Amino acid sequence: MDLIAQARAAGETPDLDALIQAIPYCRHLGVIARLDTRGVLLELPYAAHLIGNPILPALHGGVIGSLLETAALAQVIYEARTSGLPKPVDISIDYLRSGRARTSFARARIAKQGRRVVNVHAEMWQEDETKPIAALRGHMLVDFSET
Amino acid sequence: MTESPPPWLKLAQGHMNQTAFFAHLKGEVVGFGPGRATMRLPYGPHLVGNPDTGVVHGGVITALLDHTGGAAVMAALKEPMAIATLDLRIDYMKPATPGEAITAEVKCLKVTHEVAFVRGSAYQASADDPVAICTGAFMLMRGIASPLLPAKD
């Protein structure tokens, strides 16, 4: 993506929220990104269109998977300094608690960075970061060709 | 001996088609039961994960397979109950071709008292050339109100 390439060329960190807002699917969900001292923090405000079970009500498993995968992607772009968007190879998601109708957060960390593939772990929570509602473990192919 | 499907299964199919998030993605149920489900997700600009190429976000495939997996479990149950995804593993075999619909087909392999197991794939032109494959497990929430029972239309 141009945003990443331009920032890299200027020796800067890409604007993570501008990057997320440039991804139509993330905008469709309503994802917001910001940087803090620990890396990229994603926020997903509650919206009725995110519901999978209307009785509980609970967030759709696909929403949870999507936010976790986006957190992993954003953290890899930020921390591994890739020149483009990483490509997911495989992911495994553990659903730990039901996602309630409230704001969610997610962040990821790189467990191992290789030259071509990155192993990344992500967690998603709502009110309490120590009580995650879901966790992701995955691999992504990365490209450093222009960095 | 063939039995006609119970009425709640029809409701289950309708529920899976109308789930808020699935509707938000603009997906549709195209096959339901017994013990399997097929869903179709037409391509749309709202699904794009890479604006340079138009390839859909990986989370789109995850959501489609999760939803289809849940439907396959419902289509394998003998009575209605709420279910919840326990885990889901997805292998992305190749990027989805922009502009083409994605079909997900998931089969429920086993239903135990507590857990149901599924396996399936997402593909475009041919089921033999999948975009992604998945394995998952779902918790069966016996005794907890199913979204189907108070059938609200």
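User: In chain B, what share of the contacts between residues at least 6 apart in sequence join residues at least 24 apart?
Analyst: The share is 66%. Keep in mind that this is a predicted model.

User: OK. How many helices and strands does chain B have?
Analyst: Chain B has three helices and eight strands. Read from the N terminus, the order is α-α-β-β-β-β-α-β-β-β-β.

User: And how compact is chain B next to a globular protein of that length?
Analyst: The radius of gyration of chain B is 15 Å, and the globule rule gives 15 Å for 153 residues, so chain B is as compact as a globular protein of that length. Along the principal axes, its C-alpha atoms fill a box of roughly 50 × 30 × 30 Å.

User: What percentage of the residues in chain B is buried?
Analyst: Of the 153 residues in chain B, 45% are buried.

User: New topic: how many residues of chain B are in contact with chain A?
Analyst: On chain B the number is 32, and they are in contact with 32 residues of chain A. α2 (20–25), β3 (48–50), α3 (58–74) and β5 (82–92) of chain B each supply at least two residues of that side.

User: Which element gives the largest share?
Analyst: That is β5(B), with ten residues.

User: What classes of residue are on that side of chain B?
Analyst: The side of chain B that touches chain A has 16 nonpolar, eleven polar and five charged residues.

User: Back to β5(B). Which strand of chain A is joined to it?
Analyst: Strand β5 (residues 87–95) of chain A is joined to β5(B) by five bridges. The two strands run antiparallel.

User: Which residue of β5(B) does D94(A) stand opposite?
Analyst: D94(A) stands opposite D87(B).

Definitions and conventions. Residues are numbered from 1 along each chain as its sequence is written. Chains are lettered from A and ligands numbered from 1 in the order in which they are written. This is a predicted model: local features need pLDDT of at least 70, side-chain atom pairs count only at pLDDT 80 or more; totals for chains, interfaces and linings use all residues. Helices (H or I, at least four residues) and strands (E, at least two) are DSSP runs, numbered from the N terminus. The radius of gyration is taken over C-alpha atoms; the globule rule is 2.2 Å times the number of residues to the power 0.38. A residue is buried if 20 or more other C-beta atoms lie within 10 Å of its own, exposed if 12 or fewer, and partly exposed in between; C-beta atoms are placed from the backbone. Two residues are in contact if their C-beta atoms, placed from the backbone, lie within 7 Å. Ala, Val, Leu, Ile, Met, Phe, Trp, Tyr, Cys and Pro count as nonpolar, Asp, Glu, Lys and Arg as charged, and the others, Gly among them, as polar. Two strands pair if DSSP finds at least two bridges between them.
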